[in-house]
Amino acid sequence: QVQLVESGGGLVQPGGSLRLSCAASGIIFSVYTMGWYRQAPGKQRELVAAISNSGNTNYVDSVKGRFTISRDNAKNTVYLQMNSLKPEDTAVYFCNARFGLGGHWGQGTQVTVSS
């Protein structure tokens, strides 16, 4: 079975940092494009960052310069380092794995940025 398990979310003050992790199993991790999405209350889910199997990265404009996506294929894990967090970053963050026509989602982890 395919599992994507996120961790690392929590409550942080504006300007703070968090690192999210997503551990994958049941897929050939190295061939998948991995991504982080987020969904805030009342809003659509949006792509935050993605990293291809070759290491190419893309970010939504609102997080460029603040967030970094990375992957460790030996650990079947993708990370999202989030710095200079803003209240607008508050959302449930979901891990996604995509290959060809297929895709998988994690259960999500809550990130709350508040003073």
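Before anything else, one cut-off: a residue is called buried when its relative accessible area is under 20%. Cys95 has a relative accessible area of 0%, so Cys95 is buried. Please keep in mind that what you see is a predicted model.

Let me stay with that cysteine. What is the partner of Cys95 in the disulfide? It is Cys22, and the two sulfur atoms lie 2.0 Å apart. Cys22 has 0% relative accessibility too, so it also falls under buried. The angle about the S-S bond is -80°, and the link of Cys22 and Cys95 is left-handed.

Four strands make an open sheet, in the order 1-3-8-7, with antiparallel pairing. Why is one side of strand 1 and of strand 7 left without a neighbour in the sheet? Because strand 1, residues 3-7, and strand 7, residues 67-72, stand at the edges, and each has a single partner strand. From one strand to the next, the twist averages 15°.

Phe67 has Met82 in strand 8 as its bridge partner.

Nonpolar side chains tend to be buried together in soluble globular proteins. In this model, the largest nonpolar core has 28 residues. Phe67 and Met82 are among those with the most contacts inside it, along with Met34, Trp36, Val78, Leu80 and Tyr93. Strands 3, 4, 5, 7, 8, 9 and 11 each give two or more residues to this core. Setting aside neighbours within four places in sequence, the contacts of Phe67 include Val48, Tyr59, Leu80, Met82, Leu85 and Tyr93, and also Arg38 and Asp89.

Last, a loop residue. Ser52 sits in the loop between strand 5 and strand 6. Is Ser52 buried or exposed? Its relative accessible area is 14%, so Ser52 is buried. Apart from neighbours within four places in sequence, Ser52 is in contact with Tyr32, Thr33 and Arg71.

That is the end of the tour.

Definitions and conventions. Residues numbered from 1 in each chain as written. Predicted model: local features only at pLDDT ≥ 70, side-chain atom pairs only at ≥ 80, totals over all residues. Heavy atoms only, no water. Pairing = 2+ DSSP bridges. Axes fitted to C-alpha atoms, helices over the stretch in contact; angles between N-to-C directions. Core = buried A, V, L, I, M, F, W, Y, C linked by side-chain atoms within 4.5 Å. Buried < 20%, exposed > 50% of the residue type's maximum accessible area, 1.4 Å probe, protein only. Contact = heavy atoms within 4.5 Å. Disulfide = S-S within 2.5 Å.
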